[in-house]
Amino acid sequence: MSTPLYPLTFRPVFKRYLWGGRRLGTLLGKPIGPEDDYAESWEVADHPHGQSVVASGPLAGKTLHELVVQRPDELLGRCSPLPRFPLMFKFLDCQRDLSVQVHPDDAAAARLDPPDLGKTEAWVILHADPGSRVWAGLKAGIDRAALAEAVRRGRTADCLHWFEPRPGDCIFIPAGTVHALGAGLVVAEIQQASDTTFRLYDWDRVGPDGKPRPLHVAEALAVIDDRRGPVDPVLPQPTDRPQVERLVACDKFVLDRWRLKGAAVVGGDDRFHILSVLDGAARLEGLEGPLRRGQTVLLPACLGPCALESQDGAVLLEMYLP
């Protein structure tokens, strides 16, 4: 008889890039090493470039992909079967400006070799140094031809809409939207389970080998949705749950934010749910010990309604398929 599924926590998958730092450890409590370039912590991931491994309990050591293949109905519920887990959740520490980039949609990504999913994503700002920027979308009146000419002249940044975000802001980035995260930001990101990025501009800097990092200008221009103008933070919407506000609802995922004080129930709708604590601590039925800031758990669809409680108050993100 199979081991019953339970709330699953995973070992973080760390990615080190030239724009990373150490705040995944100092701010979110991640077990990083001594280096100073920890850029991403993949919390829930089923992708060839990073695979979540169950951290504790009877299924410790199992990969998320193994569970998708071996236990699809229990894990995915009404969304079963799927070739791989459809969402990826991560934290990012941006100590330098990230490259200006764009992600393909599903149709364009399927034509790649090897094929991938498209990448629609959303960010929630956890920390912002004074003056930190987000670049999101094109300025009003800029189309593909104008952008291509600006890229040719080395004036890419002149075409981009930008603003200074505040902690708590949520920015929705559908596939095809030009974007970049700026230095000084720590971000939670939910996205399709894709790792395909076309780099349009990299601020004229060089990589660790002293050479400019590769750009993908033709590919990026081909997949840009130039109908999307300036992108600003979303306006949270109330839900029928008094402690929960809706940040994003699109065809790829739903992103809700909980401001939990006391007891509530999560799940029970025959879908998996990802929960991540951004502030405070909360206790979840079926999980030993409290969930604290920076900790993430995946609730398999088969669990049904799970009790969630925070006596002192907690802020959490909840993510699931529509």
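**Figure 1. Strand β7 and its partner β10.** Strand β7, residues 121–128, is connected to β10 by four bridges, and the two run antiparallel. Strands here are DSSP runs of E with at least two residues, helices are runs of H or I with at least four residues, and both are numbered from the N terminus. The model is predicted: local features need pLDDT of at least 70, side-chain atom pairs count only at pLDDT 80 or more, and totals for chains, interfaces and linings use all residues. Residue numbers start from 1 along each chain as its sequence is written, and side-chain values use heavy atoms, with hydrogens and water left out.

**Figure 2. The six-stranded open sheet.** The strand order is β1-β2-β5-β12-β7-β10, and the pairing is antiparallel. At the edges are β1 (13–21) and β10 (170–173), each of which pairs on one side only. Neighbouring strands of this sheet are turned against each other by 25 degrees on average, direction ignored. Two strands are taken as paired if DSSP finds at least two bridges between them. Axes are lines fitted to C-alpha atoms, for helices over the stretch in contact, with angles from 0 to 180 degrees between N-to-C directions.

**Figure 3. The largest pocket.** Its volume is about 420 Å³. Of the 22 lining residues, Tyr-17, Trp-19, Glu-40, Gln-101 and Thr-197 lie nearest the centre. Two or more lining residues come from each of β1, β5 (87–94), β7, β11 (179–181) and β12 (185–192); β11 gives the largest share, three residues. By class, the lining has seven nonpolar, seven polar and eight charged residues. Ala, Val, Leu, Ile, Met, Phe, Trp, Tyr, Cys and Pro count as nonpolar, Asp, Glu, Lys and Arg as charged, and the others, Gly among them, as polar. On a 1 Å grid over the protein atoms alone, a pocket is an open set of points with protein on both sides within 12 Å along at least five of seven lines, whereas a cavity is a set where a 1.4 Å probe fits but cannot get out; lining residues have an atom within 4 Å of a point. Grid points are joined across faces, edges and corners, and a volume is the space filled by probe spheres set on the points.

**Figure 4. The second largest pocket.** This pocket holds about 280 Å³ of space. Its lining has 18 residues, and those nearest the centre are Phe-10, Lys-30, Gly-294, Gln-295 and Thr-296. Seven of the lining residues are nonpolar, six polar and five charged.

**Figure 5. The cavity.** The count is one cavity of 30 Å³ or more, and the largest cavity has a volume of about 30 Å³. Among the residues that line the largest cavity are Val-266, Arg-271, His-273, Leu-299 and Cys-306. Five nonpolar, four polar and one charged residues make up this lining.

**Figure 6. Two cis peptide bonds.** The bond from Ser-80 to Pro-81 is cis, with omega near -10 degrees; Pro-81 sits in the loop between α3 (72–76) and β5. Asp-113 and Pro-114 are also joined by a cis peptide bond, with omega about 0 degrees. Pro-114 belongs to the loop between α4 (106–110) and β7.

**Figure 7. Positive phi at Trp-203 and Asp-204.** Trp-203, a residue other than glycine, has a positive phi near 60 degrees and lies in the loop between β13 (198–201) and α6 (217–223). Asp-204, not a glycine either, has a positive phi of about 60 degrees, and its place is in the loop between β13 and α6. Asp-204 counts as exposed because its relative accessibility is 67%; exposed means over 50% relative accessible area, buried under 20%, and partly exposed in between (1.4 Å probe, protein chains only).
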